Structure formats: C-alpha cells, structure tokens
Amino acid sequence: CNLACRDCSSGVDILRNKIDQEPKLDNLIKSIDDLSKYVNNVTDLFTVTGGEPMLYWDIVKPVVRHIRKKFPFAKIMINSNGRLLHKRKDELIDFLKEIQNIAIGLSNHASEFPNDPAGQAYHNDLDKFFSDSRLYKIHSMHYDIPDNEVNFHWLDWKDGFITSCMCIVVVCC
C-alpha cells in the first residue's frame with residue numbers, strides 16, 4: 001500500500017516489516033481457475049483488495065479479466081484508497097466499461113484532516129479524477145458515467161469505522 005493507516009489490516013505489516021509479498025500473476029490466475037472448478041455458479045462476488053490494488057495495476061487488470069471470463073455474472077469489487085486514480089483515469093474508465101458489473105470502493109482516509117497537506121493532496125487527486133468530462137455529478141457523494149451504468153459513491157472513514165460509502169459501479173446491461 002502507498003499509505004500506512006493505523007486501523008488497516010491489509011498490507012500494513014509489509015510496510016512496517018519490509019516483507020516482500022508481491023502478488024504473482026501466474027499464481028493468482030491458477031487460483032481463479034482452481035476456484036472455478038469448485039464454486040462456479042455458487043459465488044456472486046469477488047473482492048480485489050490489498051494493500052493498494054492500483055500499485056499492482058498490471059497484475060489487477062489480467063486478474064479481473066480472468067475472473068470475468070471464469071465467472072461472467074459475478075460482481076467484482078476493487079478496494080482502493082483512490083490516491084492513484086487520477087494517474088490512470090482514461091485507462092481505468094475504459095477498463096470499467098469493458099469489464100462491467102464491477103465496483104471500485106474508495107476509502108476516504110483523509111476526511112478528518114481537511115487542512116492537513118496530505119489530506120489536501122488526497123482530495124486534489126480525487127478532484128483530478130472526478131473533474132473528467134465523462135463523469136456526471138449527481139450530488140457531492142454520487143457521480144456516474146451517463147449511458148454506461150457506472151456510478152460513484154464514497155467510503156468515508158472516521159475513527160476506524162465506515163460512515164458513508166463511495167463506489168464506482170458498472171452494471172451489466
């Protein structure tokens with residue numbers, strides 16, 4: 001992960017202890033293949049989480065494509081802190097339209113620190129993403145991509161608890 005949030009159970013030990021646990025694409029693809037033999041048509045949701053999946057975008061994309069291939073009707077959720085979305089904006093929006101029935105849950109870890117430079121940078125990065133002309137603002141906590149069934153909602157963290165929700169959702173037509 002590119003953050004070290006005190007309440008996070010995903011990846012914080014890697015940062016603190018410098019443990020090398022890079023995901024291996026071949027192992028992940030094989031796991032999806034194995035899983036499809038046992039739970040095909042049983043599961044309807046996959047969650048891709050980390051650490052920060054956007055740090056491993058070159059691995060996440062083929063993994064998500066493989067999940068979609070093996071589980072064509074399952075929902076897919078990618079959890080992200082949102083810090084890198086603006087750097088992959090065009091590619092990410094195109095990818096979401098391609099995959100369909102997918103969500104990106106964005107954790108707003110900086111909501112309690114609006115005057116902190118790191119909190120301001122976080123919100124500036126999200127503003128860069130949401131300022132894209134392809135995104136339509138419904139209200140401050142809901143955006144969508146018209147005619148593509150892509151919706152955006154917030155995950156807001158306060159004292160380690162989610163108080164509201166933000167997801168990018170692409171629904172299969």
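**Notebook: a walk through a predicted model**

I started at Asp125, which is buried, with a relative accessible area of 9%. The model I am reading is a predicted one. I then looked for the partner of Asp125 and found a salt bridge to Lys128, where the closest N and O atoms are 3.9 Å apart. Both residues sit in helix 5, three residues apart, so about one helical turn separates them. Lys128 has 45% relative accessibility and counts as partly exposed.

Next I looked for salt bridges that share partners, and they join Lys89, Asp90, Asp94, Asp132 and Arg134 into one network. My search of the whole structure gave eleven salt bridges.

I picked out Asp33 and Lys70, whose side chains meet in a salt bridge at 3.6 Å, N to O. Asp33 is in helix 2 (residues 25-39) and Lys70 in helix 3, so this pair ties together parts that are 37 residues apart in sequence. I noted Asp33 as partly exposed at 23% relative accessibility, and Lys70 as partly exposed too, at 28%.

Then I turned to Glu91 and Lys61, which meet in a salt bridge at 2.5 Å, N to O. Glu91 belongs to helix 4 and Lys61 to helix 3, so parts 30 residues apart in sequence are tied together here. Is Lys61 buried or exposed? At 17% relative accessibility it counts as buried, while Glu91, at 32%, is partly exposed.

I moved on to the largest nonpolar core and found 31 residues in it, with Val64, Ile67, Leu92 and Ile102 having the most contacts inside it. Several elements supply at least two residues each, among them strand 1 (45-48), helix 4 (89-99) and strand 3 (102-108). Which helix gives the most to this core? I found that helix 3 does, with six residues.

Last, I stepped back and noted five helices and nine strands in the protein chain. From the N terminus, I read the order as α-α-β-α-β-α-β-α-β-β-β-β-β-β. Of the 173 residues, 40% are buried. Among contacts between residues at least 6 apart in sequence, 66% join residues at least 24 apart. The chain exposes about 9,900 Å², and carbon and sulfur atoms supply 52% of that area.

How values were computed
Residues numbered from 1 in each chain as written. Predicted model: local features only at pLDDT ≥ 70, side-chain atom pairs only at ≥ 80, totals over all residues. Heavy atoms only, no water. Core = buried A, V, L, I, M, F, W, Y, C linked by side-chain atoms within 4.5 Å. Buried < 20%, exposed > 50% of the residue type's maximum accessible area, 1.4 Å probe, protein only. Helix = DSSP H or I, 4+ residues; strand = E, 2+ residues; numbered from the N terminus. Contact = heavy atoms within 4.5 Å. Areas by Shrake-Rupley, 256 points an atom, 1.4 Å probe, with all protein chains shown as cover. Salt bridge = Lys/Arg side-chain N within 4 Å of Asp/Glu carboxyl O.
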